[in-house]
Amino acid sequence: MSQYPHLLEPLDLGFTTLKNRVLMGSMHTGLEDRPWHFNQLAEYFAERARGGVGLIITGGFAPNRRGELLPLGSRLSSLLQVGMHKKVTSRVHDAGGKICLQILHAGRYGYTPYNVAPSAIKSPITPFKPKALSTKAVYKTITHYGRCAKLAQKSGYDGVEVMGSEGYLITQFLNARTNQRDDEFGGTYENRMRLPLEIVRTIRKEVGENFIIIFRLSMIDLVEGASNMEEVITLAQELEKAGVTILNSGIGWHEARVPTIVTSVPRAAFVDPSARVKAAVNIPVVASNRINMPDTAEEIISSGKADMVSMARPFLADSEWVNKAAQGRTDEINTCIACNQACLDHTFQAKRASCLVNPRACHETELLYTPTHKAKRVAVVGAGPAGLACATVAAQRGHNVTLFEARDSIGGQFTFASKVPGKEEFLETIRYYKKMIEVHNIDLKLNTWVAAQDLKDAGFDEIVVSTGVAPRIPNMPGIDHEKVVSYQELLGKELKLGKSVAIMGAGGIGFDVGEYLSHQGPSLTENKEAWFKEWGVDIDNKTSGGLAAMEIENSPRKLYLLQRKTSSLGRGLNKTSGWVHRAVLKMKQVEMIGGVGYNKIDDDGLHITISNQDGDVLEERVLDVDHIVLCAGQISVSELYKELQGNHDHNFGLHLVGGAEFAGELDAKRAIKLASELAATL
Ligand code: NAP
Ligand code: SF4
């Protein structure tokens, strides 16, 4: 019997049956926006259908031009577009899958000068003030939803999903904070519900009974002046009456101050509001957000909290997720670590999405791991993210790979990252690679510092150097003082530091170290209730929007976060998760200082000069700290490569990847991508 009987049980919708309870949630990949990308889009979905997903939802398509997310972005409004959508639906159906098209009207979130909304109120996250829709234009918009659904049906889709959450047009109509209309679409909640209900009725009329209509309902808005649970349930019941087949869950608006999908959000944190809705309706309800592994998904279904689970990013990370779960190969799942670095960060920069742990995502037709015709002996030196990715892909293709690691464990920089509270998911990637080493018979040699001569003597055909990075040690008086530690020592040896600490360097690692040092006790990621308190979430949503006062646990020590630049600290952090890191350190009252000149370190502490952007000295300070943690960037460790390169008569292929190649851009996304691309060509 399967380990996940509830998750893998078919779901009978009356006129059609889904083969399991796994929904691949909507995710804008960037491939939807241009007709010439539809072959790639079709293969991206087909691969997930082959991987066993019960039902796929496409990225959002606007029902009309005014509803576009980006100028000339994805839209389905004309018969001329049906042909390209047929490529997608036929590939998915041939692969044994089912697929629905998501209809998304961005409303005031449209990044276009021609966006529209219930009222002319600008969103805090887009630069364009929307035009208020006239009553006539609202009715016209409803017909456009109907037209879009009909076109989806003609294109061969199994249904549509109406995007009614995350702060897009429908949510804007539902909530008084964005709806100040005085016609039949504004005022009372009954009036504000009119738009989604009319949309569903219109779609049902257009498509008939045997067509899936999913409504993505905002279960908890997480913004002020928004719906409470009672209103959410009323809407859910009305939507059921209007003809919805399945209710999916949306959590929080994009402008919410509460994180809902980043890695520090506890797994399945937001399932309870969906469970309340499920108890009040007779149609299937889908739970979503931070569900990334089968155990969590199975628990949600078996406990009766939802009928299905929705996951989007986990299918970028691993297209075979469902098959692996079904075949008892859970430990082979390449887990989404919720970093957002290659998916949402890309989407918000109008770049094609991919995945940090799986660079093939959305590049299925371009990055191919084809079996080799000539098995080679490949040495990979260094088992950090780059080395692990390279070794895995090369071995998967049929090469004989030996992986050397000087430390006693694999993981490199990911091992340090996993020590940071809220970054425990990084351990899943290390677990995945451990399993891949076993599955692909990679010869792992731990505690092995391999010399150039040894590699040459061993007669490898290809040598890949992925020896990583070492912390940069700034050149300044007192840098050898006993107060000074590197971030690698701090995290690697789990050092106990004093009551006041200065962090030199405010890049990604400086912020990580700030979170590590400002926290005590178990990580909040392991404790939903404590996490809700810290972020001020009323998960019962008795108040409007589900917000409560934040109850922040004090930092156990005084922290200073420093950088030489005068720009605001944390500006260079990732687009969609950087704001969370900045908010956490602000909550913990970390003193952030820019424009710092480092003078010396002595028994009194860290002596600094603070200047403004014109170079004028504002202040000389001595930070009376017990410790100073160096987070001043990295330098490449590439001596081995230079030695091997210096040998001109070598008859092996020599390659340098990851931080060892370019520490300035040390980042796991780049390291894994380039290492995988290299391994695909060996
Ligand atoms: P980084 O982002 O390049 O930051 C290095 C910091 O050190 C900067 O604040 C820099 O600012 C300072 N610095 C550079 N040279 C210095 C010197 N000689 N003396 C004193 N300070 C110096 O590097 P990182 O923090 O080590 O992170 C490395 C990479 O890891 C990043 O590129 C990122 O991709 C990834 N990462 C990201 C996250 C995240 O986004 N949450 C977390 C961890 C790691 P000043 O020059 O202004 O002083
Ligand atoms: Fe998940 Fe990160 Fe991959 Fe996005 S880039 S799918 S968040 S692992």
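Q: Why does Phe 185 count as buried?

A: Buried means under 20% relative accessible area, exposed over 50%, and partly exposed in between (1.4 Å probe, protein chains only). Phe 185 comes out at 0% relative accessibility, so it counts as buried. A quick note: this is a predicted model, where local features need pLDDT of at least 70, side-chain atom pairs count only at pLDDT 80 or more, and totals for chains, interfaces and linings use all residues. Residues are numbered from 1 along each chain as its sequence is written, and side-chain values use heavy atoms, with hydrogens and water left out.

Q: What makes Asn 323 buried?

A: Its relative accessibility is 18%, and the cut-off is under 20%, so Asn 323 counts as buried. Leaving aside neighbours within four places in sequence, Asn 323 is in contact (heavy atoms within 4.5 Å) with Arg 50, Gly 51 and Gly 52.

Q: Why is the pair of Phe 173 and Phe 185 called edge-to-face?

A: Rings of Phe, Tyr and Trp (its six-membered ring) pair if their centres lie within 6.5 Å; planes under 30 degrees apart count as stacked, over 60 as edge-to-face and the rest as tilted. Here the centres are 6.3 Å apart and the planes are at 80°, so the pair is edge-to-face. Phe 173 sits in helix H4 and Phe 185 in the loop between H4 and H5, twelve residues apart. Helices (H or I, at least four residues) are DSSP runs, numbered from the N terminus, as are strands (E, at least two).

Q: What kind of pair do Trp 531 and Phe 532 make, and why?

A: With centres 5.9 Å apart and planes at 70°, that pair is edge-to-face too, so the rule above settles it.

Q: How do you know that the buried residues of H7 line one face of the helix?

A: Those residues are Met 229, Val 232, Leu 235, Ala 236, Leu 239 and Ala 242. Seen down the axis of H7, they fall within an arc of 140° (taken from the directions from the helix axis to the C-beta atoms), so they line one face. An α-helix has 3.6 residues a turn, so residues three or four places apart point the same way. On the other side of H7, Glu 230 and Lys 241 are exposed.

Technical notes: Chains lettered and ligands numbered in written order.
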